[in-house]
Every structure is written in structure tokens, then in C-alpha cells.
Amino acid sequence: RITEELAREGMAREVVRHVQELRKKSALEMEDRIVLYFATDSSALRSALEAHNPYISAETLAIEWASGPLDGDSHTTNVKVDGHPLMVQLRKVTAGGIF
């Protein structure tokens with residue numbers, strides 16, 4: 001039986017996979033740090049993102065989660081996580097700040 005916690009953990013792992021795919025499509029290097037922004041109408045998915053923020057950040061090298069959409073030189077994808085729509089945006093961070 002899948003508990004609510006296991007379902008959230010599974011969603012977090014799927015989010016990491018989608019972020020890693022977007023990093024690859026964006027031609028980022030493995031060691032590049034990023035800023036992330038997520039948008040979803042799903043309370044279950046938001047709960048999974050909040051509960052597993054440290055895990056997602058560590059796996060994707062995110063040093064910050066933006067509170068609003070990223071503009072400028074950001075990369076965006078729209079995906080489904082366990083049937084829930086999710087917009088993922090990321091932007092590379094350079095030594096001098098956000099690129």
C-alpha cells in the first residue's frame with residue numbers, strides 16, 4: 001500500500017528527473033548551480049515540493065527557489081508529475097550572481 005508520504009516522495013523524485021532533463025536541454029554543466037521556480041495548481045504536488053525541498057535542491061544543485069516566475073535568460077518546461085501539471089523554470093547562477 002502506498003502511503004501519502006511515499007506518494008509525495010515519488011512525486012519529488014519525478015520532479016528531480018524533470019529538472020535534470022531541463023538542465024540537460026539547457027546545456028548546463030553538471031556543476032552549474034541554478035535558481036528554480038515551480039508553478040502548479042495541485043495542492044498534493046505543492047505539498048510534495050515543500051516536504052522534499054532539501055532533497056530536490058541537493059539533487060538539482062538549486063541554491064534558491066524563486067517565489068515568482070523567472071524572466072530573462074531562463075528555461076521553461078511544462079510537465080505532468082503523477083498526473084498533476086507542473087511548470088518548471090530554471091536559470092543558471094554565475095559566480096557574480098544570477099545569469
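Biologist: What should I know before I start?
Modeller: It's a predicted model, where local features need pLDDT of at least 70, side-chain atom pairs count only at pLDDT 80 or more, and totals for chains, interfaces and linings use all residues. Residues are numbered from 1 along each chain as its sequence is written, and side-chain values use heavy atoms, with hydrogens and water left out.

Biologist: Okay, how many salt bridges are there?
Modeller: The count is 7 salt bridges, taking a salt bridge as a side-chain nitrogen of Lys or Arg within 4 Å of a carboxyl oxygen of Asp or Glu.

Biologist: Which residue does Arg-8 pair with?
Modeller: With Glu-5, and their closest N and O atoms are 2.9 Å apart. Helices here are DSSP runs of H or I with at least four residues, strands are E runs of at least two, and both are numbered from the N terminus.

Biologist: Is Arg-8 buried or exposed, or something in between?
Modeller: Arg-8 counts as buried at 17% relative accessibility, while Glu-5 is partly exposed at 34%. Buried means under 20% relative accessible area, exposed over 50%, and partly exposed in between, using a 1.4 Å probe and protein chains only.

Biologist: Which residues are networked with Arg-8?
Modeller: Glu-4 and Glu-5 are linked with Arg-8 in a network of salt bridges.

Biologist: And which salt bridge links distant parts of the chain?
Modeller: Lys-92 with Asp-32, at 3.9 Å between the closest N and O atoms. Lys-92 is in strand S4 (residues 84-94) and Asp-32 is in the loop between H1 and strand S1 (33-39), 60 residues apart. Asp-32 is buried at 11% relative accessibility.

Biologist: Switching topic, at what angle do H1 and H3 pack?
Modeller: H1 and helix H3 (residues 53-60) pack at about 25°, with axes 10 Å apart. Axes are lines fitted to C-alpha atoms, for helices over the stretch in contact, and angles run from 0 to 180 degrees between N-to-C directions. That makes H1 roughly parallel to H3, since angles under 35 degrees count as roughly parallel, over 145 as roughly antiparallel, 65 to 115 as roughly perpendicular and the rest as oblique.

Biologist: Which residues of H3 make the contact?
Modeller: Tyr-55, Ile-56, Glu-59 and Thr-60 do, and the H1 side includes Ala-12, Val-16 and Arg-23. Contact means heavy atoms within 4.5 Å.
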